[in-house]
Amino acid sequence: MKTPISIVIPSLADRELLAMALTPVLDEVQGRALGDEVIVVDDSGSGALEEFLAHKFASVRCVKNSQNLGFGPALLAGVQAARCELFFAMNPDIRVGPGIFDCLTETLLAETLPGGVYAVSPYVLLPGKEAAAESLPELVQEGGFPVIRHRQLELTPGETHPDHPAGIPVAFALGGAMLMRRSDFLERPFDPLFEPFYWEDVDASQVALAAGRQVLCDPRAVVEHHLRGTIASRVPERVVRAAIEKNRLLFAWKHLADSDKRRQHFEALSTRVVEQALAEEREELIWLLLALEQLQAFDQAGQAIPIDRIVGPGTPR
Amino acid sequence: MRIALCLHAFPPQSRTGVETYTEALARALAGRGHDLHIFAPRRDDSREHLSQTSEEQKHYKITWLALGRDPDTGAERRARHGAAAAFGRFLDREQPQVVHFQHILKLGWELIDEARERGLVTVYSAHDPFPVTNDYTLLSADLSPLDPGDLVAAARNERALGLLDRAFEAHDGFLPPGCGDQALRREVERVLHGEVPGEKDRDDLTQAMARLALELDERRAAVSRCDRVEAPTAFLADLLGAQGLRAPVACRPCGHDVEHLSEVVAVDGQHQGPLRVLFLGGLFEHKGAHILLDALPLCAGQGAAGVALTLRGSRGSSDYGAHLASRAADLGATLGGPYERHELPALLAAADLVALPSIWPENAPFVIREAFAAGRPVIASDTPALRESVRDGVDGRLVDLGDAAAWAACLCELARDRDELAELCRGVRPPKTTAEDARELEQIYTDLAEHHSARRTRARARQPAHLAAFSQALEALEALPTGELVERALAGLAQLASRLGQQPMGLTQALVSAEGLRERLAARERTADWRAETERHGRAARADLRAGLADREQALSALEARQGQLSRELESVAGERDWLRRSSVDLQAELAWTGESLDDRRAHLTEAQARLRSADDGLQAALAERDDLCSALAQRESELRALRLDHAKRDESSSAHDELRRAYEPLCAAHEALGAAYNSLRGAHEALQLHESWLRGELLRVFEVVQNEDSGDCEASDEIESLVAQAFEGLQRWSTELDWRAGEMAAATEESQGLGARLLPSALQRRADSWRKPSRPSGEAPS
């Protein structure tokens with residue numbers, strides 16, 4: 001059964017990039033003829049896209065944020081405005097391939113899997129690096145810290161993996177290209193603890209996995225990721241790195257339920273601090289302090305992380 | 001404001017100009033409420049190479065970078081591997097807002113980038129041309145001038161210094177005058193100025209040039225990246241610009257800590273003792289103390305009271321100092337060792353003037369300001385830089401560089417003329433003080449810091465708005481000194497421990513529990529060594545590449561020149577070819593046109609020939625005509641001659657003519673009367689003719705009547721006969737009158753003929769003749 005979906009694209013003011021993303025999406029929507037809707041969340045904060053969309057892509061709905069909020073809140077605004085129960089979250093530097101939405105909806109709505117499917121990612125290819133897919137992540141703990149690795153599976157883009165006909169289980173669905181239920185997202189949007197960006201999608205998927213849901217990658221659905229429109233291209237590298245590493249720590253503190261792993265992490269963290277102090281290095285100290293500051297801010301705002309009730313992978317709530 | 005001053009050495013280890021200046025500046029800035037931190041290297045075998053130790057002084061803090069071993073190469077003497085990383089740690093630890101480089105000798109240009117990468121305000125004060133040349137005295141090893149832009153000379157000088165390294169245990173970069181054996185001197189001069197003998201030597205020289213070019217390029221570029229570059233003289237500022245420093249160089253004289261010299265008593269210009277000349281400064285070759293010693297014997301016997309010379313300063317590491325001491329002793333000069341700051345007032349008080357006989361271009365020597373602060377004039381070598389400090393004849397004298405005789409003449413003149421000396425003393429003005437300098441720098445630092453802050457704000461504004469808070473938090477943490485970061489991190493760990501249900505770890509526990517820590521630190525040391533080694537290899541490789549590049553560039557230049565020549569030739573040939581092509585086309589067109597026009601021309605020729613013939617005929621006719629005309633002309637000429645003659649005659653008969661004219665006038669009147677008579681006669685004649693016609697008509701009708709009468713009409717014949725008779729009577733009267741008139745006319749004609757023969761022209765004559773035979777109307781006369 002084919003189901004209509006809402007495609008939600010949070011975007012900054014890069015019109016050219018957005019136009020390149022929208023064209024294949026609209027082709028696909030037209031081809032499906034199911035009443036899919038396309039929503040662009042204008043997160044430029046200046047209303048830079050509204051007129052452009054009305055002029056160039058009249059069928060696209062524009063949800064305008066009065067100020068720049070970042071990816072997570074922008075996506076939430078788009079999902080709140082969406083009419084369909086299923087939505088495809090998409091970055092504007094993603095180019096969708098043919099048949100993607102049919103495949104993803106089929107996988108998401110499969111009823112055969114226990115717990116149901118929380119989110120499905122397409123097979124994300126980097127142009128020119130076809131062997132390095134982005135959408136088969138796994139989460140491991142190395143030296144006491146959570147680390148994301150990308151599995152390398154023998155598979156052909158556009159075809160089902162023989163061992164995983166219903167989709168390949170992954171640690172998380174990429175926030176920039178995933179299909180999920182609107183009701184799920186509205187019930188538990190991206191955790192603002194991870195603002196401004198990165199690790200929020202990992203957190204969401206891990207929470208779902210902990211609750212017994214499935215997170216899958218469907219290699220039949222293929223997209224290209226052009227690595228242009230993300231926030232990383234607009235801010236200094238050290239800021240991006242600091243955000244990633246701060247959130248890595250916050251993620252660890254939120255999700256390391258296993259007491260041994262938690263101990264390992266704390267010891268590793270303490271050791272890092274001492275090493276940095278002895279070597280007169282600073283980067284990791286700064287990341288730690290950024291994470292601690294954010295945690296403290298959440299405490300003060302009454303939004304403390306429920307570490308005592310944290311769940312780990314494979315531990316249903 | 002947190003300010004770091006970075007330089008190559010610092011008191012008490014070294015007390016030459018830059019070090020002394022920096023120390024005074026640090027005190028002055030600290031006195032204005034700023035946190036001052038000095039970063040300087042020093043030789044310290046007791047500590048680990050490149051380790052850092054900090055000392056708190058009264059006004060500032062010093063971090064010493066330990067240099068634990070001798071550098072391997074000249075390049076390493078100028079920039080020690082690992083110094084930049086150590087400086088980076090210093091910056092992180094102390095978090096200055098401003099880094100002011102006073103010199104980067106021994107440290108290296110990478111220090112500048114360490115500061116810039118951290119977003120700090122960077123200022124570079126050039127106290128000599130080191131940013132653009134290694135030979136910052138601008139002298140070669142034999143004390144000959146060295147052009148800072150001449151890489152060949154620089155590479156040769158580097159080789160000459162290698163000779164000195166091998167010949168002397170220590171030296172200051174020069175072959176001291178009067179020292180060294182002659183063979184070494186000859187070898188140094190050959191290396192500096194002679195032919196390069198073999199191919200290997202040439203290759204070595206090329207490689208050395210490439211290495212130097214790379215080193216200088218990097219240093220120039222790094223200094224240019226500073227937020228501000230300044231020099232104390234326009235001479236140095238211009239030199240740096242001319243030698244490729246891309247940043248604008250501001251000219252800002254340094255201030256001097258000379259308060260302690262203001263109480264020095266003025267010179268007694270009238271004292272009769274010898275002129276007291278003081279030399280202050282390092283006893284190094286380029287400072288030229290030997291010039292003064294050379295001048296001393298020349299002063300003897302010049303009728304002056306004499307010159308007493310005192311030399312004070314630290315000796316260098318070469319034999320030069322011993323050489324000076326020996327000569328000073330021979331000449332009766334006093335040569336003392338280095339002096340402390342507090343000794344300076346007494347030294348200056350005991351001198352009439354200060355001598356600065358430098359044989360290098362100099363810059364802005366501090367000793368001049370110290371002398372001026374004590375009211376002493378300065379006799380200095382005449383160089384562009386020193387001209388900016390000493391006003392010749394106002395507060396001192398300028399003497400030809402290195403000219404001992406000129407020095408002797410100047411000193412003797414001042415020894416003799418104490419009034420002149422007093423005048424120079426009066427011309428001295430106090431120098432800029434360190435306090436003024438600090439005030440200026442404070443403003444410069446503040447302006448640059450504001451500029452940086454504005455730039456950071458602009459950069460943040462370009463980021464998406466939702467990142468502002470995070471970026472600000474990150475920057476705030478980045479601005480914390482490393483020590484504070486560690487403290488905060490440890491405190492944070494303690495909080496986190498309780499939150500995660502863990503026991504907080506003490507430092508010892510962390511060290512013990514971190515099994516791989518020592519190994520990792522050792523690995524990092526190894527990595528640092530490896531990196532330094534790799535950098536060395538990299539530099540060597542880059543130098544080799546640069547040398548190869550130089551060769552290739554040379555070859556390329558030759559090829560380009562050849563290519564240029566060939567291109568020009570080709571261009572010329574192509575031009576010629578094009579010209580030929582165009583010519584060919586033109587010729588073909590011309591040929592076609594010529595073919596076409598040939599027929600036309602032939603037709604034209606035929607036509608022309610016909611015309612020619614016709615013209616020939618015409619010519620013949622014209623010739624005949626010409627002949628006719630000639631004959632006519634001859635005839636006309638003869639006529640003209642005749643006319644002229646006639647004219648002459650006429651002139652002669654003009655009086656007769658007038659007479660005739662007077663006679664003619666009545667004749668004309670008579671003629672007019674004749675004409676009127678004639679017209680009257682003519683009218684009468686016509687009337688007669690009409691009448692005759694009428695009569696003829698009447699007669700004809702009469703004859704008809706007669707004939708008709710014959711046929712029976714007898715009653716009218718009487719009347720007719722009467723009419724006929726009347727008609728005949730009338731005719732007879734008219735005929736008589738006519739006869740009379742004819743006689744009158746004949747008489748008048750005869751008279752007029754007589755006159756006409758004499759007076760009238762031929763036409764009038766003919767007309768008059770015609771009157772005698774007047775034409776009659778046609779018709780029969782009445783019978």
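This is a predicted model: local features need pLDDT of at least 70, side-chain atom pairs count only at pLDDT 80 or more; totals for chains, interfaces and linings use all residues.
**Notebook: chains A and B**

I began with the interface: chain B and chain A bury about 4,000 Å² between them, with 71% of that on carbon and sulfur atoms.

By contacts, I have 44 residues of chain B touching 46 residues of chain A.

Next I went through the polar side of the interface. The rule finds 4 salt bridges across it. I looked up one of the pairs, Glu478(B) with Arg238(A): a salt bridge whose closest N and O atoms are 2.7 Å apart. I also noted 8 residue pairs in polar contact between chain B and chain A, both partners at pLDDT 80 or more.

Then I asked which helices of chain B each supply at least two residues of the side that touches chain A. My list is helix 3 (83–94), helix 17 (468–478), helix 18 (482–500), helix 19 (507–513) and helix 20 (517–652). Helix 18 of chain B has the largest share, 12 residues.

**Sheet in chain B**

I traced an open sheet of 6 strands in chain B, order 11-10-9-12-13-14, with parallel pairing. At its edges I find strand 11 (334–336) and strand 14 (396–399), each pairing on one side only. The twist averages 20 degrees from one strand to the next.

I checked one pairing in detail: strand 10 (residues 307–312) and strand 11 of chain B run parallel over 3 bridges. I looked up Thr310(B) too, and its bridge partner in strand 11 is Thr334(B).

What packs on this sheet? Helix 14 (residues 404–416) of chain B does, touching strands 9, 10, 12, 13 and 14 of chain B, and its direction makes about 155 degrees with that of strand 14. I also have helix 12 (residues 366–373) of chain B lying across strand 9 (275–280), strand 12 (353–356) and strand 13 (378–381), at about 170 degrees to strand 12.

**His161(A)**

Last stop, His161(A), in the loop between strand 8 (145–150) and strand 9 (168–169) of chain A. Buried or exposed? I call His161(A) buried because its relative accessibility is 7%, and the cut-off for buried is under 20%.

Beyond its neighbours within four places in sequence, I see His161(A) in contact with Leu153(A), Glu154(A), Leu155(A), Ile168(A) and Pro219(A). Its side chain reaches the backbone nitrogen of Asp163(A) at 3.1 Å. I also checked Asp218(A): 57 residues from His161(A) in sequence, 8.6 Å in space, C-alpha to C-alpha.

Conventions. Residues are numbered from 1 along each chain as its sequence is written. Chains are lettered from A and ligands numbered from 1 in the order in which they are written. Side-chain values use heavy atoms; hydrogens and water are left out. Helices (H or I, at least four residues) and strands (E, at least two) are DSSP runs, numbered from the N terminus. Buried means under 20% relative accessible area, exposed over 50%, partly exposed in between (1.4 Å probe, protein chains only). Contact means heavy atoms within 4.5 Å. A polar contact is a pair of N or O atoms within 3.5 Å; within protein, one must be able to donate a hydrogen and the other to accept it, and residues adjacent in sequence count only if both atoms are side-chain atoms. Two strands pair if DSSP finds at least two bridges between them. Axes are lines fitted to C-alpha atoms, for helices over the stretch in contact, and angles run from 0 to 180 degrees between N-to-C directions. Buried area is the accessible area (1.4 Å probe) that two parts lose on being put together, summed over both. A salt bridge is a side-chain nitrogen of Lys or Arg within 4 Å of a carboxyl oxygen of Asp or Glu.
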